[in-house]
Amino acid sequence: MSPISLLALVIFPLLMAFAGFSDLFTMRISNKLVLALVVAFIVLAVVVGLPLEVIGMHLAVAAGVLAVALVFFSLGWIGGGDGKLIAATALWLGLGVLLPYLIYASLLGGALTLILLAARRYPLPERLRSIRWIDRLHDAKTGVPYGIALAIAGILVYSDSVIFQKVVA
């Protein structure tokens, strides 16, 4: 397997895992990380020979998802980092894998939310309160690090994406 093929297979999962961990520990998804996802897709799509119309369709899907995410952000339903991450993920996955991705993200995000809500009903042991990210995660005033669900869902469906299939073919 060529280094480019190997990179195409692992860069998306690695960046998504980083996004999930980043959201868990800091409640932030960096603009640089989202930009890295976008640039990596464009470079790899060209290098592996995706047709321009396929690349254009992926860009259109990402733009549409970003537009919806901006509306959701303006309504306070999602965080800005989550909206940018879901759009960058849609760029990698395209229209054909978008629906399974959104279903997985919804189910995983719902489960994560329910788990956090249940855990927040009980006092956090003093020993865990000294760990900043756990204390913040337990605080009912903070949101849900939905980037975790977005990252896991993206990794789960990545093998069905056009770019993945092009590399392994």
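This is a predicted model: local features need pLDDT of at least 70, side-chain atom pairs count only at pLDDT 80 or more; totals for chains, interfaces and linings use all residues.

Colleague: Okay, surface to begin with. Which residues make the nonpolar surface patch?

Modeller: Ile4, Leu6, Leu7, Val10, Leu14, Leu35, Val39, Val43 and Val47 make a nonpolar surface patch of about 750 Å². A patch takes residues with over 30% relative accessible area and no salt bridge, and joins nonpolar side chains (Val, Leu, Ile, Met, Phe, Trp, Tyr) within 5 Å, or like charges within 9 Å.

Colleague: And which helix gives the most to that patch?

Modeller: Helix 1 does, with five residues, while helix 1 (3-26) and helix 2 (31-47) each supply at least two. Helices here are DSSP runs of H or I with at least four residues, numbered from the N terminus.

Colleague: Take leucine 35, then: buried or exposed?

Modeller: Leucine 35, which sits in helix 2, counts as exposed because its relative accessible area is 53%. The cut-offs are under 20% for buried, over 50% for exposed and partly exposed in between, with a 1.4 Å probe and protein chains only.

Colleague: What about alanine 45, buried or exposed?

Modeller: Alanine 45 is also found in helix 2, but it is buried, because its relative accessibility is 0%.

Colleague: Switching to pockets, how much space lies in the largest pocket?

Modeller: The largest pocket holds about 370 Å³ of space. Of the 18 residues lining it, Phe72, Ile78, Ile86, Tyr146 and Leu150 are the closest to its centre. A pocket is an open set of points on a 1 Å grid over the protein atoms alone, with protein on both sides within 12 Å along at least five of seven lines, where a 1.4 Å probe fits, and lining residues have an atom within 4 Å of a point. The volume is the space filled by probe spheres set on those points, which are joined across faces, edges and corners.

Colleague: What classes of residue make up that lining?

Modeller: The lining of the largest pocket has 13 nonpolar, four polar and one charged residues, and helix 5 provides the largest share of it, five residues. In this scheme Ala, Val, Leu, Ile, Met, Phe, Trp, Tyr, Cys and Pro are nonpolar, Asp, Glu, Lys and Arg are charged, and the others, Gly among them, are polar.

Colleague: And what is the second largest pocket like by class?

Modeller: The second largest pocket, with about 160 Å³ of space, has a lining of three nonpolar, four polar and four charged residues. Its lining residues include Asp23, Met27, Arg28 and Lys84, and helix 4 gives the most, with four residues.

Colleague: Where does methionine 27 lie?

Modeller: Methionine 27 lies in the loop between helix 1 and helix 2, and it is partly exposed, because its relative accessible area is 26%. Methionine 27 has a positive phi of about 60° although it is not a glycine. Most residues other than glycine have a negative phi.

Key:
Residues are numbered from 1 along each chain as its sequence is written. Side-chain values use heavy atoms; hydrogens and water are left out. Accessible areas come from the Shrake-Rupley method with a 1.4 Å probe; for residues, only the protein chains shown count as cover. A salt bridge is a side-chain nitrogen of Lys or Arg within 4 Å of a carboxyl oxygen of Asp or Glu.
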